[in-house]
Amino acid sequence: MTSSTDPDRPGTEPSWPYPSYADRTWLGGERGPDRALATVVRGLRGLVAETGGRPSGDPDDLLAALEQLAAIGERVSWAMLSLVGEARSQGVSWAGVGAALGVTKQAAQQRFGPYVAEALDRAGRG
């Protein structure tokens, strides 16, 4: 007998207790008080619309939005690496980078150091 909340059977999970992606208040909405999160919501909804999708609770629409959000996340990582590299090339310390990211200098250096060093070496500035 299968449980009514079998994670391997679509539609058997309990209802999601938070506002749906289809709801304009999802994650605080496009003009919510958390400006960074509101920017993500606007960006995702805009990208979904540009690619012919729509915000809905339909599984296919949710998967399409998830795919777009993953692409945004990857680009945010690229942009962060670029800003870290530029800051380091301008003499900003790893402690300063870490403070801006809300992590220790060691965590910032571990995460970004090899990539920054490689980029600077490729540019002949290492």
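Helices α3 and α4 are roughly perpendicular to each other, because angles of 65 to 115 degrees are given that name, while those under 35 degrees count as roughly parallel, those over 145 as roughly antiparallel and the rest as oblique. The axes of α3 (residues 94-101) and α4 cross at roughly 110 degrees and come within 8 Å; these axes are lines fitted to C-alpha atoms, for helices over the stretch in contact, and the angles run from 0 to 180 degrees between N-to-C directions. Helices themselves are DSSP runs of H or I with at least four residues, numbered from the N terminus.

This is a predicted model, in which local features need pLDDT of at least 70 and side-chain atom pairs count only at pLDDT 80 or more, whereas totals for chains, interfaces and linings use all residues. Residues are numbered from 1 along each chain as its sequence is written, and side-chain values use heavy atoms, with hydrogens and water left out.

Where α3 meets α4, contact being heavy atoms within 4.5 Å, the α3 side contributes Trp-94, Ala-95, Val-97, Gly-98 and Leu-101, and the α4 side contributes Lys-105, Ala-108, Gln-109, Phe-112, Gly-113 and Val-116. This contact of α3 with α4 comprises 7 nonpolar, 3 polar and 1 charged residues, where Ala, Val, Leu, Ile, Met, Phe, Trp, Tyr, Cys and Pro count as nonpolar, Asp, Glu, Lys and Arg as charged, and the others, Gly among them, as polar.

A second pair of helices is formed by α1 (residues 35-50) and α2 (residues 59-89), which pack at an angle of about 120 degrees with their axes 10 Å apart, and α1 and α2 are therefore oblique to each other. In the contact of α1 with α2, Val-40, Gly-43, Leu-44, Leu-47 and Val-48 of α1 meet Ala-65, Gln-68, Leu-69 and Ile-72 of α2. The residues of this contact divide into 7 nonpolar, 2 polar and no charged.

Leu-83 also lies in helix α2, and with 58% relative accessibility Leu-83 counts as exposed, where exposed means over 50% relative accessible area, buried under 20% and partly exposed in between (1.4 Å probe, protein chains only). Between Leu-83 and Val-97 there are 9.5 Å in space, C-alpha to C-alpha, and the two are 14 residues apart in sequence.

The whole structure holds 5 salt bridges, a salt bridge being a side-chain nitrogen of Lys or Arg within 4 Å of a carboxyl oxygen of Asp or Glu. Among them are the following pairs.

| Glu-30 | Arg-45 | 3.9 Å |

In the salt bridge between Glu-30 and Arg-45, distant parts of the chain are linked, with Glu-30 in the segment before α1 and Arg-45 in helix α1, 15 residues apart. Glu-30 is partly exposed at a relative accessible area of 22%, whereas Arg-45 counts as buried at 8% relative accessibility. Both partners of the next pair count as partly exposed, Glu-74 at 40% relative accessibility and Arg-75 at 43%.

Because Glu-118 and Arg-122 are 4 residues apart in helix α4 (residues 105-122), about one helical turn separates them. Glu-118 is partly exposed, with a relative accessible area of 38%, and Arg-122 is exposed, with 69%. Elsewhere, salt bridges that share partners join Arg-24, Glu-30 and Arg-45 into one network.

Note on methods
Helices (H or I, at least four residues) and strands (E, at least two) are DSSP runs, numbered from the N terminus.
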